[in-house]
Amino acid sequence: MARLPYADWTSPDAAPIAERIQAERGGRMLNLYAMLLHSPPLADGWRAFFTAIRQQCRLPARYRELAILQIAVLNRADYEFDAHVPFAVQAGLAPAQLEAMRSGLRPADLSAADRAVLDYATTMTRSVDVPEKLFDSVRAHFDERETVELTATIAGYNTVSRFLVALQIDHG
């Protein structure tokens, strides 16, 4: 159960932003956004930032989803992991790979780029400071724009998981 009640997203302050959120999220109001709508400006900025990450970036979806799932496991954010399983499957990750990740294991059948993404997400999540050797391994697979997008994805989804876990938001 969430630590705070979910916001009334039909209130005059929240309704216009709630409509934008629903339009961009397939008509649904996720509990994450129902909580964020306690602060309509924050919810709208969050919506814009994560819409850019998920829908407007050039970084291939596979790498985005690998990073998000790794962050969710590291931060014990089950909501985040469960919410991204369908996207990860759509991006080509196999159910066995997802189950291994959920268990905190690294799937054996990953490419060098996949491993670089997981190492980068792990290091950014756990210690923030990224050693040059690890950064070079990321750069071996991604151009400047994709590197920036991957870095922003990892930073952003660490924010998501920390928000979800701190407020104990229910996946629903």
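At what angle do the axes of helix α3 (residues 40-56) and helix α9 (residues 144-166) cross? In this predicted model, the two axes come within 10 Å and cross at roughly 135 degrees. Axes here are lines fitted to C-alpha atoms, for helices over the stretch in contact, and angles run from 0 to 180 degrees between N-to-C directions. The angle makes α3 oblique to α9; angles under 35 degrees count as roughly parallel, over 145 as roughly antiparallel, 65 to 115 as roughly perpendicular and the rest as oblique.

The model is predicted, and local features need pLDDT of at least 70, side-chain atom pairs count only at pLDDT 80 or more, while totals for chains, interfaces and linings use all residues. Residues are numbered from 1 along each chain as its sequence is written, and side-chain values use heavy atoms, with hydrogens and water left out.

The overall picture comes next. The protein chain holds nine helices and zero strands, and its elements run α-α-α-α-α-α-α-α-α from the N terminus on. Its radius of gyration is 16 Å, close to the 16 Å that the globule rule gives for 172 residues, so the protein chain is as compact as a globular protein of that length. That radius is taken over C-alpha atoms, and the globule rule is 2.2 Å times the number of residues to the power 0.38. Helices (H or I, at least four residues) and strands (E, at least two) are DSSP runs, numbered from the N terminus. Along its principal axes, the C-alpha trace spans about 50 × 30 × 30 Å. Of the 172 residues, 48% count as buried, where buried means under 20% relative accessible area, exposed over 50% and partly exposed in between (1.4 Å probe, protein chains only). Among contacts between residues at least 6 apart in sequence, 67% join residues at least 24 apart; contact means heavy atoms within 4.5 Å.

Back to the opening pair of helices. The crossing of α3 and α9 is left-handed, a term used if the near helix is turned anticlockwise from the far one by less than a right angle, with right-handed used if clockwise. On the α3 side, the contact is made by Trp46, Phe49, Phe50, Ile53, Arg54 and Gln56. On the α9 side, Arg145, Ala152, Thr153, Gly156, Tyr157, Thr159, Val160 and Phe163 take part. By class, this contact of α3 with α9 has eight nonpolar, four polar and two charged residues. Ala, Val, Leu, Ile, Met, Phe, Trp, Tyr, Cys and Pro count as nonpolar, Asp, Glu, Lys and Arg as charged, and the others, Gly among them, as polar.

Helix α3 also meets helix α1 (residues 15-24), and their axes come within 10 Å and cross at roughly 20 degrees. That angle makes α1 roughly parallel to α3. The crossing of α1 and α3 is left-handed. Ile17, Arg20, Ile21 and Glu24 in α1 meet Pro40, Pro41, Ala43, Asp44, Arg47, Thr51 and Gln55 in α3. This contact of α1 with α3 has five nonpolar, two polar and four charged residues.

Alanine 52 sits in helix α3 and, at 23% relative accessibility, counts as partly exposed. The C-alpha atoms of alanine 52 and glutamate 149 are separated by 9.6 Å, although the two residues are 97 residues apart along the chain. Threonine 147 lies in helix α9 and is buried, with a relative accessible area of 5%. Not counting residues up to four places away in sequence, threonine 147 touches Phe135, Val138, Arg139 and Phe142.

Alanine 7 belongs to the segment before α1. At 9% relative accessibility, alanine 7 counts as buried, and it touches Ala34, Leu37 and His38, not counting residues up to four places away in sequence. Its C-alpha atom and that of asparagine 31, 24 residues apart along the chain, are separated by 9.3 Å.

Valine 128, in the loop between α7 (112-126) and α8 (132-139), has phi near 70 degrees, a positive value in a residue other than glycine. At 63% relative accessibility, valine 128 counts as exposed. Glutamine 168, in the segment after α9, has phi near 50 degrees, a positive value in a residue other than glycine. Glutamine 168 counts as partly exposed, at 36% relative accessibility.
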